[in-house]
Amino acid sequence: MRFPVIGAIVCGSWMGGTLLAPFGCGARPMSAERSAVPDAEVSLSHAVPVAPLAPQPPEDSASQPDAGSAESAAAEALPPPGLDLVRMSQSDAAVLAPAAGGTAQLTLDPDLQKTALQLMSMRHVPEGAVVVIDVATGRLLAYASHVEGSSRRDLCVEATAPSASVFKIVTAAALVEDAHLGTETQQCYSGGEQRINAVDLVDDPRRDKACATLASALGRSINTVFARLAKTYLSPAQLEAMARRFGYGEGLAFDVPVQPSALTIPVEPLEFARTAAGFWNTTLSPLQAAEMSAIVAHGGEAVQPSIVEKVVSETGAVTWSAPETPASHRVIARDTAEQLGAMMEHTIGEGTSLHAFHDPRGAPFLPGIAVAGKTGTLTDAETHRYYSWFTGFAPSRPQPGESQVAIAALVVNGPVWRVKANVVARDVLRAYFAHHDAKGVTRPSYSSIARHRSR
């Protein structure tokens with residue numbers, strides 16, 4: 001089921017390379033200025049309006065042989081009305097939320113939820129969100145939203161942040177599935193670190209002294225490689241179709257309404273190449289970012305995420321229960337998903353999250369657990385707001401019967417830089433695997449975080 005989103009508008013328009021906000025949006029111009037933070041791929045986002053969605057009928061309802069049973073099944077799958085995830089409460093045993101007619105018992109892991117919130121609050125992150133999904137079932141294990149010194153908001157379903165280089169996952173999927181490229185496809189390049197100009201799209205052996213495979217380019221987030229490959233091998237229609245398959249431009253089916261992510265794919269070659277590299281024209285919610293990684297981890301199949309286990313009335317009667325079998329559908333081919341997963345492992349092995357997932361001596365924080373991921377960054381030079389993304393999954397190569405989790409973390413830093421999203425995601429994963437007795441994995445140290453903050 002899809003939900004209508006009322007007033008879900010991402011403000012902004014581009015003029016002369018500057019992001020302009022309409023009256024009342026409160027946005028300031030964004031710049032591609034390089035950040036001082038290490039391992040940051042700098043990217044821009046073109047914010048575009050997000051249209052409300054009209055309610056849609058349940059998929060495949062016309063194909064059901066018994067209309068009455070179909071309507072009954074659809075009713076059972078509807079989320080509980082009045083669910084308020086902003087007013088969650090928790091104990092050591094459960095996480096609860098108000099719902100019409102009672103209290104919703106959530107699927108969240110109380111320890112992991114508490115850890116995710118503490119990791120953001122201890123660092124005084126201006127804005128941040130963490131979502132963790134059990135890949136096989138779609139059940140949410142963490143759903144944490146933090147706004148420093150402000151009224152509470154559900155940032156997990158807000159699609160106002162630019163997706164930045166996280167969008168390279170979509171482009172990589174299209175290059176594999178539509179253009180039939182592979183992880184070892186090589187592209188030489190020059191330029192494009194802070195912005196992509198027309199000259200950066202032209203192959204020139206005299207300038208193109210560096211070369212990278214598609215897998216390495218994803219891990220290191222090399223903008224020019226993605227821009228050139230997309231311009232050569234993809235059409236705007238192909239890239240848009242792949243983005244929509246990953247949920248861009250639509251409301252994600254969930255237990256509460258999710259703001260649709262913005263999507264505009266230009267047809268002009270230079271603007272198209274920039275968009276394919278993740279420079280602008282798309283936004284993303286943390287919930288959708290986690291779902292994108294869950295799709296890759298689940299062999300290309302999307303399992304509808306859920307957060308409510310059941311609703312219990314004041315008398316103790318169960319008034320609503322989650323369906324035993326979540327809805328699912330195929331997004332990309334299994335082979336495409338496997339190649340994407342292999343590419344995303346380069347982010348931790350050699351790319352933009354190498355230092356986040358290894359200590360100064362090079363030892364992994366998650367020994368024996370392969371992690372796949374993708375980062376995205378954007379700097380607003382005027383307001384000094386630094387958007388940082390990490391989405392991924394672990395273990396990336398599970399053994400039979402071994403559970404996988406997908407994670408997304410969004411951190412918006414202010415003038416005083418606090419932490420990057422990949423560090424928050426790493427520590428949440430450490431807490432999860434340490435709780436499940438993974439050999440050699442330790443929980444993040446709150447005292448260490450406090451000492452680091454006091455420096």
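1. How many of the residues of the protein chain count as buried? Of its 455 residues, 55% do. Keep in mind that this is a predicted model. The secondary structure comes to 11 helices and 18 strands.

2. Take the contacts between residues at least 6 apart in sequence: 71% of them join residues at least 24 apart.

3. The largest nonpolar core has 92 residues. Within this core, Tyr143, Phe246 and Ile307 touch the most other members. Helix α8, residues 286–297, gives the core its largest share, eight residues. A second core is separate and has 36 residues. Val130, Val371, Phe390 and Tyr432 are among them. In soluble globular proteins, nonpolar side chains tend to be buried together.

4. Phe246 deserves a look of its own. Beyond residues up to four places away in sequence, Phe246 touches Val170, Ala173, Gln288, Met292, Ile295, Val331, Ile332 and Leu340.

5. Now the sheet. Which strands form it, and in what order? Five strands make an open sheet, ordered β7-β6-β18-β17-β16, with antiparallel pairing. At the edges sit β7 (140–147) and β16 (372–380), each of which pairs on one side only. From one strand to the next, the twist averages 5°.

6. One pairing can be followed in detail. Strand β6 (residues 127–134) pairs with strand β18 (residues 405–413) through eight bridges, in the antiparallel sense. Ala129 has Leu410 of β18 as its bridge partner. In general, strands of a sheet pair through backbone hydrogen bonds, either parallel or antiparallel.

7. Helix α9 (residues 334–349) lies across β16 and β17 (385–394). Relative to β16, α9 runs at about 60°.

8. Val405 lies in strand β18. Is this residue buried or exposed? Val405 has a relative accessible area of 1%, so it counts as buried. Leaving out neighbours within four places in sequence, its contacts are Val132, Ile133, Val135, Leu141, Gly392, Phe393, Ala394, Leu429, Tyr432 and Phe433. Arg139 is 266 residues away from Val405 in sequence, yet their C-alpha atoms are 9.8 Å apart in space.

9. Leu141 belongs to strand β7. Why does Leu141 count as buried? Its relative accessible area is 14%, and buried means under 20%. Neighbours within four places in sequence aside, Leu141 is in contact with Thr107, Leu108, Asp109, Leu112, Gln113, Val132, Asp134, Val405 and Tyr432.

10. Last comes helix α10, residues 421–435. It has 15 residues and reaches 21 Å from its first C-alpha to its last, close to the 21 Å expected at 1.5 Å a residue. Of those 15 residues, 14 are buried, so α10 is largely enclosed by the rest of the structure. Asp437 follows α10 and has a positive phi, near 60°.

Definitions and conventions: Residues are numbered from 1 along each chain as its sequence is written. This is a predicted model: local features need pLDDT of at least 70, side-chain atom pairs count only at pLDDT 80 or more; totals for chains, interfaces and linings use all residues. Side-chain values use heavy atoms; hydrogens and water are left out. A nonpolar core is a set of buried Ala, Val, Leu, Ile, Met, Phe, Trp, Tyr and Cys residues joined through side-chain atoms within 4.5 Å. Buried means under 20% relative accessible area, exposed over 50%, partly exposed in between (1.4 Å probe, protein chains only). Helices (H or I, at least four residues) and strands (E, at least two) are DSSP runs, numbered from the N terminus. Contact means heavy atoms within 4.5 Å. Two strands pair if DSSP finds at least two bridges between them. Axes are lines fitted to C-alpha atoms, for helices over the stretch in contact, and angles run from 0 to 180 degrees between N-to-C directions. The expected span of a helix is 1.5 Å times one less than its number of residues.
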